[in-house]
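Hi,

Here's the structure I promised to send over. Have a look at it first, and then read on for what turned up.

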Number of protein chains: 2
Amino acid sequence: MTATRTARERARAELTQEIKDEARRQLGEVGAHGLSLRAVARELGMVSSALYRYFPSRDRLLTALIVDAYNAIGEAAEKADPGQGPPRERWLAIWQGTRDWARAHPHEYALIYGSPIPGYAAPQDTVVPAARVALALVKVLTHTELRDIDGEVAPELRAQAETLTKVLGIIAGPETVARLLMAWTQLFGAISFDLFGQYVGSVDPADSFFAHSARRMAEFVGL
Amino acid sequence: MTATRTARERARAELTQEIKDEARRQLGEVGAHGLSLRAVARELGMVSSALYRYFPSRDRLLTALIVDAYNAIGEAAEKADPGQGPPRERWLAIWQGTRDWARAHPHEYALIYGSPIPGYAAPQDTVVPAARVALALVKVLTHTELRDIDGEVAPELRAQAETLTKVLGIIAGPETVARLLMAWTQLFGAISFDLFGQYVGSVDPADSFFAHSARRMAEFVGL
DNA sequence: TCACTGTCAAGAGCACTGCTCTCTATTTTG
DNA sequence: CAAAATAGAGAGCAGTGCTCTTGACAGTGA
């Protein structure tokens, strides 16, 4: 009984995966804007209406791809981390690994770090996968002796920083937490500017500049 | 003769502007994704095909809006600059003014700093307006005594920095130029993260964090 | 074994899109 | 005034997301 039901569920799971794979393939070719449900169905040899049994709308398909993309870039960041050795080296490796993934999958990156596609509704499913890269960076700092940094921190930000220290379990002052958030912002700001063409005319091959930023931000957070 | 020709050309210029205005209005409601040429034409009481006499394609209309948006955010940055007084105050004012504009026009901001809409072809018309915010920041530093910063700079980046010093006419070492580029990246990275919802769960009302970032980056570049 | 139930793909169809073409009215120009 | 350029209107094409209905099939309880 479970076997038969599983047979069906397995077929369903497989087809769901095939749809996502094909959609991701087309995403890489025509971007999110050009992704067409009908084209995906056509390529899979099925009729477009059948696809709605698996994804109730185009946006939901995109959301599924978004979650996958967050996990993929998060995994890339985690795998780039050697896990041991000098924290500074680990930090630089994570930065590089994150950028490498983004450059290899520009459309998927744009999907998650570009303009929000649907009506501004970032589903709840995305918040945990979205944090993976940031957590990889935090992890480097958790068992590290940071040179503590002083600095005035406004009450609102101080409160937010203290909440974060509890959630993340890191031992660092508010100024360090704020700097970590700035580094996180810098990481994705630089990748986005690079991929979206904002560096054209200034640091167009941005490799050297990106590596430089990674080093400076490592120092900036106290590494 | 010029008067008669002007009559038509003026009508044309006016209608071109009206189309852009209406398109911008709809952009604010439904975003770039939902912007429809037919809807714009409908609202203006004309037929959709007539609109093609003014913009040869939807992408070209969007490109016109992109140029306008770059100029608008650039002007916002310039107007926020008091133009005199302590450089640090000017720097902070420009950061704030830029963010304020972005928060007031999120869809227009997404248009220029989100995922590139057309097939990755950022038209040449956009590069000059796109630099206005950065130039406003540079302007603050030009007649300022910066405490010079040392630091190793890789050859590629050093060459790019030296090209920039010539183009911009600023007197600063490569390390300072690199830091300026990082600050520029930080500014738009923070605005994008804020508007695109990436700060949800960490520094959600990002006002305090943004102000903090502005101050820290001012110090970072030597102000 | 047989009817029942839930699942599936298929097809037709709706309202919409960007865009092209032709036709006609108007304006500008020589 | 006649010719040329420009304007808008309308029809139409190929494509889209999405809905609804229809018929086939698989698994279940009597």
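A quick definition before anything else: two residues are in contact if their C-beta atoms, placed from the backbone, lie within 7 Å. Also keep in mind that this is a predicted model.

With that cut-off, and leaving out residues up to four places away in sequence, I73(A) touches T98(A), W101(A), A102(A) and V133(A). I73(A) also turns up in the largest nonpolar core, which has 129 residues. Those with the most contacts inside that core are I73(A), I94(A), I73(B) and I94(B). As background, nonpolar side chains tend to be buried together in soluble globular proteins.

Now for the fold of chain A. The C-alpha trace of chain A spans about 60 × 50 × 35 Å along its principal axes. Of its 223 residues, 42% count as buried. Among contacts in chain A between residues at least 6 apart in sequence, 67% join residues at least 24 apart.

How do the two protein chains relate? Chain A can be laid on chain B by a turn of 180 degrees and a shift of 0.0 Å along the axis, with an RMSD of 0.1 Å. That is the relation of a two-fold axis. The same surface serves both copies, as 100% of the contact residues of chain A recur in chain B.

Helix 4 of chain B (residues 58-80) is worth a look on screen. At 1.5 Å a residue, its 23 residues should span 33 Å, and the end C-alpha atoms are 33 Å apart, which agrees. Several residues of this helix are buried, among them L61(B), L65(B), I66(B), Y70(B), I73(B) and A77(B).

Then there's the DNA. Helix 1 of chain A gives the largest share of the surface near DNA strand D, 4 residues. By class, that surface has 9 nonpolar, 6 polar and 7 charged residues.

Cheers

How values were computed: Residues numbered from 1 in each chain as written. Chains lettered and ligands numbered in written order. Predicted model: local features only at pLDDT ≥ 70, side-chain atom pairs only at ≥ 80, totals over all residues. Least-squares fit on C-alpha atoms with pLDDT ≥ 70 in both. Helix = DSSP H or I, 4+ residues; strand = E, 2+ residues; numbered from the N terminus. Expected span 1.5 Å × (residues − 1). Buried ≥ 20, exposed ≤ 12 C-beta atoms within 10 Å, placed from the backbone. Nonpolar A, V, L, I, M, F, W, Y, C, P; charged D, E, K, R; others polar. Core = buried A, V, L, I, M, F, W, Y, C linked by C-beta atoms within 7 Å.
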